[in-house]
Amino acid sequence: MTSTQPPYRLAANENPYPPLPSVVETLRGEAAQRVNRYPDWFCDDLRAALAQRLGVPFEHVAVGVGSVALTQQLVQATADRGDEVVYAWQSFEAYPHLVRVNGAQSVPVPLHEETHDLDAMAAAVGERTRLVIVCNPNNPTSTVVRRAALERFLDRIPPQVPVVLDEAYREFVSDDDVPDGLALHLDRPNVVVLRTFSKAYGLAGLRVGYAVAREPLATAVRDCAIAFGVTDLAQQAALASLRAEPELRERVARLAKERDRVVGELRAMGWTVPPAEANFYWLRLGERSRAFAQACREAGVAVRAFDGEGVRITVGDPPANDALLRAAADFGSTV
């Protein structure tokens, strides 16, 4: 089957399900009737709800147009032209662009077996380093940094250098040894936590995320935001999502179970799949990455190929995952 627009979208780490039912009801109600009005510029109600839920001071919370925008604000708030930002590579594709547009210099540190090489990252921190980013779980490999290793790493970073723990996929983590960045933030003043409502909560189209940072960095991040960037619909949907914790837990458990099923079946076919802790998984394919992505497209499945490295595949609903497994079986039989 050949399709210019594959019916199964497993390339963008989207949640395959619509927003939680109670959130949909909120969007259909009063919130939709207020779009003629400007939103709360400072997102104070959402900041207050997040502070209470997370157990952090209100002043530590910044809300932005997704965690991507907040990453840009963090770079803008900390790094001037010629300053350096250290992160692992391959990691989130936006990092190089966000650093470059702010005039700073990227210092990418290669992964080791699809996982952050924390020793090499610590060694890369120098006099011009103004920000360090650790994506945990890492996008695109779905691998994680565990507690002891991360704490040793943080011990090596100068206290004046903020370390951003990008936890966009935190809700999907099932490994108990993966630390909660918020606990580290409370103990270490230079730890910043980034999270989003785009993934587990299914609000990717509304663009709302948050950062937790100590003062004065939190204020600087808020000062770098575009006025009225987070819409009222996004703020109300995020507030409703926070109230829907039981619904969220059920959905995350369903997706994690489906992830483990697919990864298990791929391994049974002989594929190399690193341990996955996000709502996606990674196939180490090297030079075959583009060919595999094309084979998936012809089977009606869109996946994300990284040329010469591998393929990232989002966990979809069972029919989408089954289509991917059939494509993988067919591709595997021809190589």
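**Close-up views of a predicted model**

In this predicted model, the end C-alpha atoms of residues 9-326 lie 15 Å apart, and the span is 40% helix and 17% strand. According to UniProt, in an unreviewed entry, these residues 9-326 carry the annotation "domain: Aminotransferase class I/classII large".

View A. The unreviewed UniProt entry places the feature "modified residue: N6-(pyridoxal phosphate)lysine" at Lys199. In the model, Lys199 lies in the loop that runs between strand β7 (191-196) and strand β8 (209-212). With a relative accessible area of 15%, Lys199 falls under the 20% limit and therefore counts as buried. When residues up to four places away in sequence are set aside, Lys199 touches Ala12, Asn13 and Asn15, and also Ala168, Tyr169 and Phe172.

**View B. The packing of helix α2 against helix α9.** Helix α2, formed by residues 44-54, packs with helix α9, formed by residues 232-242, at an angle of about 20°, and their axes are 10 Å apart. Because angles under 35 degrees count as roughly parallel, α2 is described as roughly parallel to α9. The crossing in which α2 passes α9 is left-handed. On the α2 side, the residues in contact are Asp45, Leu46, Ala49, Leu50 and Arg53, and they meet Gln235, Ala238, Leu239 and Leu242 on the α9 side. Sorted by class, the contact of α2 with α9 has six nonpolar residues, one polar residue and two charged residues.

**View C. The packing of helix α10 against helix α12.** The axes of helix α10 (residues 245-269) and helix α12 (residues 318-332) cross at roughly 10° and come within 11 Å. This angle makes α10 roughly parallel to α12. From α10, the contact is made by Glu258, Arg261, Val262, Glu265, Leu266 and Met269, while α12 brings Pro318, Asn321, Asp322, Leu324, Leu325, Ala328 and Ala329. By class, eight nonpolar, one polar and four charged residues make up the contact of α10 with α12.

**View D. The loop between β5 and α6, with Pro137 and Ser142.** The peptide bond that joins Asn136 and Pro137 is cis, with omega at about 0°, and Pro137 has its place in the loop between strand β5 (129-135) and helix α6 (147-156). Ser142 also belongs to the loop between β5 and α6, and its phi is near 70°, a positive value in a residue other than glycine. The relative accessible area of Ser142 is 0%, so that this residue counts as buried.

**View E. The cis peptide bond between Trp89 and Gln90.** Trp89 and Gln90 are joined by a cis peptide bond for which omega is about 15°. Gln90 lies in the loop between strand β3 (84-89) and helix α4 (94-101).

View F. Although Cys43 is not a glycine, its phi is positive, at about 55°. Cys43 is buried, because its relative accessible area of 2% is under the 20% cut-off.

Technical notes: Residues are numbered from 1 along each chain as its sequence is written. This is a predicted model: local features need pLDDT of at least 70, side-chain atom pairs count only at pLDDT 80 or more; totals for chains, interfaces and linings use all residues. Side-chain values use heavy atoms; hydrogens and water are left out. Axes are lines fitted to C-alpha atoms, for helices over the stretch in contact, and angles run from 0 to 180 degrees between N-to-C directions. Helices (H or I, at least four residues) and strands (E, at least two) are DSSP runs, numbered from the N terminus. Angles under 35 degrees count as roughly parallel, over 145 as roughly antiparallel, 65 to 115 as roughly perpendicular and the rest as oblique. A crossing is left-handed if the near helix is turned anticlockwise from the far one by less than a right angle, and right-handed if clockwise. Contact means heavy atoms within 4.5 Å. Ala, Val, Leu, Ile, Met, Phe, Trp, Tyr, Cys and Pro count as nonpolar, Asp, Glu, Lys and Arg as charged, and the others, Gly among them, as polar. UniProt positions are given in the numbering used here, feature names are shortened, and annotations may be inferred rather than shown by experiment. Buried means under 20% relative accessible area, exposed over 50%, partly exposed in between (1.4 Å probe, protein chains only).
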